Amino acid sequence: MSARLSEPSTGAVTKKLTLYFPRSETEKPIVYHLVKDYNLVINIFRAKVTPEEYGYLVLDVTGTEEDIRRGMDFVRTFDVRIDESHKGVRWDRDTCVMCGNCVSHCPTGALHVEDRRSMAVAFDSDLCVECLACLANCPYGACTSVF
Amino acid sequence: MKTYEEINARIESGKAVVLTADEIIEYVDRKGLEAAAEEVDVVTTATFGPMCSSGCFLNFGHAVPRMRISEAWLDDVPAYCGIAAVDVYLGATELRQGDPANTYYPGEFRFGGGHVIEKLVAGEKVQLFGLSYGTDDYPRREIRTWLTIHDLNQAVMVNPRNCYQNYNVGVNASERPIHTYLGLLKPNLGNISYCSAGQLSPLLNDPLYRTIGVGTRVWLAGAQGHVYAEGTQHSPTCDRGENDVPREGAGTLALTGDMKEMNPKFVRGVSLMGYGVSLALGVGVPIPILSPEILKAAAVRDRDIYAPVIDYSGDYPQRTGKVLAHLSYEELKRGEVTLQGKSVPVSSMSSYAWALEIAHLLKDEIRRGEFLLSRPLRPLPTRQSMASLKIRDKNRREVTR
């Protein structure tokens, strides 16, 4: 086994990416090539890959900056659109009434009370794992999923 | 000691001293009760949360030819037509026609009466569909039109029960998740949910109804409305602490106000998974500081207000009366409480942050001389409790089931 296929060396970074697939490209083994040819570690959070429909992958990509750049150039050759640091879950501050019903349903504390004096609610998207518990539990529809 | 007239004169001259129910706590600590009561004219209280017993009367005006509407839908939500020809009452918890409710449990309840009321206040267009049997003087039998609140002659919110003085804290002691009006309650005391603005909440700041009564002018979602009666289920005879503050539901207010004057931010449709639809409202109530006793009550703080913890998987639906614990709002607002030796995360259905915002909005209106206080026409009842519904046969003999 070559060194290129071992664990990414120090200097590796992790990027959260959303790949949007056109209708015709969903059958190609893109993730396989990212792992094998570009030495990237892939952690898929959400996926919808359905024949004859557009699809998406929400994934963490770990590798050197150079390998990630080359891997994404490869992905773009399939007419796949890449959205960096994109979250599938959105919290709309204007729709939120700051009741705090969500906070005991959010497993990571992404939705949290940021100030115990005013009891204002805030959303830290870096902590969100897109479990979607907030979507079902928000009485006002303040949390939505783009997928 | 001050009078309503003196306080209103100070408001009109722009000299009134107004503090929120949050600010008054430290103010009284610093100045002392007697001195603070001399200085402060008004304390503003507020709450924002789902208030199911809400709705509105709408008058559409007459079409050509005339129609005595006998069935009506607004954006497919049925409205009550058992009143005059083009008047309807739209209730907050009415489901949209064809909503599967809990057929596929838990239902989503995405849209209902509360959402139509939100759209109307926001100035959005709403579809009216109406049917009638037709009469000689009202021959039209069907109508379909799109309207906004500006097209209506009247859009008056009339809410039989708002502003519960205090409220249950819900938990779930069973083995499965349950869906309630306090939100999703996880099994085995997995979370806890409360619904009160605590130290900001109107009736918790006037526990014996010394100033809030029938006729009191209130801030109802930005409109100047008023208390038109005690709310339904008003039960002042209840478990109270040494500070007279109820340790359970207790008093309620029936409120009314002109929807055309309301701020859409504070009129919001509510979807509660597995439960239904409702309407969340912002309400602010000013308390005139007529005496040190009134100020002392208005300076109540979260740590001195207790709410009963009830198991909504069994004790609540079966009305056993069992209370698992009493928790103060100070404890609840920390975000985690200890219940039966277990650490339990806390959620709230009531928005303290928005209640605080409303208390400040009302304070600013009073300071600008735009909101005068009204003396109640009559006080709220101070002694009555809530009757249960007995199930009887036609000979009025009580039956067990």
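Mentor: A residue is buried if 20 or more other C-beta atoms, placed from the backbone, lie within 10 Å of its own, exposed if 12 or fewer, and partly exposed in between. This is a predicted model: local features need pLDDT of at least 70, side-chain atom pairs count only at pLDDT 80 or more, and totals for chains, interfaces and linings use all residues. Residues are numbered from 1 along each chain as its sequence is written, while chains are lettered from A and ligands numbered from 1 in the order written.

Trainee: Why is B:N168 called buried?

Mentor: B:N168 has 21 other C-beta atoms within 10 Å. The cut-off is 20 or more, so B:N168 counts as buried.

Trainee: Where is B:N168, and which residues does B:N168 touch?

Mentor: B:N168 sits in the loop between β9 (154–162) and β10 (169–171) of chain B. Strands are DSSP runs of E, at least two residues; helices are runs of H or I, at least four. Leaving out residues up to four places away in sequence, B:N168 touches B:A307, B:P308 and B:I310. Contact means C-beta atoms, placed from the backbone, within 7 Å.

Trainee: What makes α8(B) mostly covered?

Mentor: Of its 16 residues, 13 are buried.

Trainee: How do you know what span to expect of helix α8 of chain B?

Mentor: Take 1.5 Å times one less than the number of residues. Helix α8 (residues 352–367) of chain B has 16 residues, and 22 Å is expected. From first C-alpha to last, the helix reaches 22 Å, close to that value.

Trainee: What follows α8(B)?

Mentor: B:G369, with a positive phi near 80 degrees.

Key
Two residues are in contact if their C-beta atoms, placed from the backbone, lie within 7 Å.
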